[in-house]
Amino acid sequence: MKRKVLGTLLVSTMASAAMMAAPVMAEDVNLADAKVGVCIYQFSDNFMTLFRTELENYLVSLGFSAENITIQDGANDQATQSNQIDAFIADGVDVLIINPVNSSSAETITDKVVNAGIPLVYINREPSADEEARWADNNWDVTYVGCDARQSGTMQGEIIADLGLDTVDLNKNGKIDYIMIEGDPENVDAQYRTEFSVKALQDAGLEVECLDDQVGNWDQATAQNLVANSLSMKADDIEVVFCNNDAMALGALQSIEAAGRTVGTDIFLVGVDALDEALENVASGKMTGTVFNDHISQSHSAADAAVNYLTGAGNEHYIGCDYVKVTADNVADIQAQLK
Ligand code: BGC
């Protein structure tokens, strides 16, 4: 594998791998000359919009020049994104930051990027453990920056469990009757949030009953339709609506209100991400809670990791970030943090 050297990039004498992705600056690396290619799976995704905006701003604040940062919309199509990656390689970018459309395509993506000698930072959609193991085994300049979605699912379940069975078990059948609205099932975030939200209820000693489990693909309008349909079929038995993200929780809320139900009184609703609108809903009681998916810390870590590759400092092959549980108790703090 040839390792591409950026301009006057030094051969590093620094520590081989930074534990965290804090940027390790070297005097003779001119970030303003470095070309960064960024692939986002889909621009219309609310969360990834926050992520990419913060990523671009932070890269510029580190010294990259805006005209050398190119961000492409994969339009939720892996073939489109693969073409964009090929074009970035042909263009000779110095580092790539990739939010894959399909995590299962990571092996192919890694191979072509590594063969081109370009360091690679995956974000948001975590490749498989086997794929991550290859990076370490081959000592490739490839890493993943993201959160552990198990934690967000667990926090969603805990938000409901903390209310207690008496409060949530409105039909008094001794169980938590819920519906689940899932994100794209190819994505581990969706798989883990679905699994671990329910597991947290069970771990708290609660019995659960799944009344409906549907795929909303992270999308508000899709979730709105699905929840309207569930509510019309299962009517009053639904006590909890779990949504794998806030966009879908916002859609769920529209249908909950249209059905004449009231969150906090006769139904409970949780999401993930801490979108502004979701935080407003948590503050006003229209959502029971959400989980802060820290796009600021993740985008900064991704940019810092890119810098560490450019300087030769290198990175660990997994760079994590914690989620934060958000309820009426701490929503004002999170809102203040995000201002
Ligand atoms: C976010 C979702 C987003 C997805 C995109 C997840 O971590 O919670 O809102 O749609 O990433 O991959």
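Visitor: How far is an oxygen atom of the ligand from an N or O atom in the side chain of N187?
Guide: That distance is 3.3 Å, a polar contact here being a pair of N or O atoms within 3.5 Å; within protein, one must be able to donate a hydrogen and the other to accept it, and residues adjacent in sequence count only if both atoms are side-chain atoms. Keep in mind that this is a predicted model, where local features need pLDDT of at least 70, side-chain atom pairs count only at pLDDT 80 or more, and totals for chains, interfaces and linings use all residues. Residues are numbered from 1 along each chain as its sequence is written, and side-chain values use heavy atoms, with hydrogens and water left out.

Visitor: And what about D273 and N293, how far are their polar side-chain atoms from a ligand oxygen?
Guide: For D273 the distance is 2.5 Å, and for N293 it is 3.2 Å.

Visitor: How much of the ligand does the protein bury?
Guide: The protein buries 99% of the 310 Å² that the ligand exposes when taken alone, using Shrake-Rupley areas with a 1.4 Å probe (for residues, only the protein chains shown count as cover).

Visitor: Where does R125 put its charged end?
Guide: Over the ring of Y41, 3.6 Å from the centre. "Over" means that NZ of Lys or CZ of Arg is within 6 Å of the ring centre and within 35 degrees of the ring normal. R150 does this with Y192, at 4.5 Å from the ring centre.

Visitor: New topic: how many aromatic pairs are there?
Guide: There are 5, counting rings of Phe, Tyr and Trp (its six-membered ring) with centres within 6.5 Å; planes under 30 degrees apart are stacked, over 60 edge-to-face and the rest tilted. One of them is Y144 with Y318, tilted, at 5.8 Å centre to centre and 45° between the planes.

Visitor: Where do those two sit in the chain?
Guide: Y144 is in strand β5 (residues 142-145) and Y318 in strand β11 (residues 318-319), 174 residues apart. Strands (E, at least two residues) and helices (H or I, at least four) are DSSP runs, numbered from the N terminus.

Visitor: Is Y144 buried or exposed?
Guide: Y144 counts as buried because its relative accessibility is 1%; buried is under 20%, exposed over 50%, partly exposed in between (1.4 Å probe, protein chains only). Y318, at 34%, counts as partly exposed.

Visitor: Why is the Y192 and F196 pair called edge-to-face?
Guide: Because the planes are at 80°, with the centres 5.8 Å apart. Y192 and F196 both lie in helix α7 (residues 188-203), 4 residues apart, about one turn of the helix.
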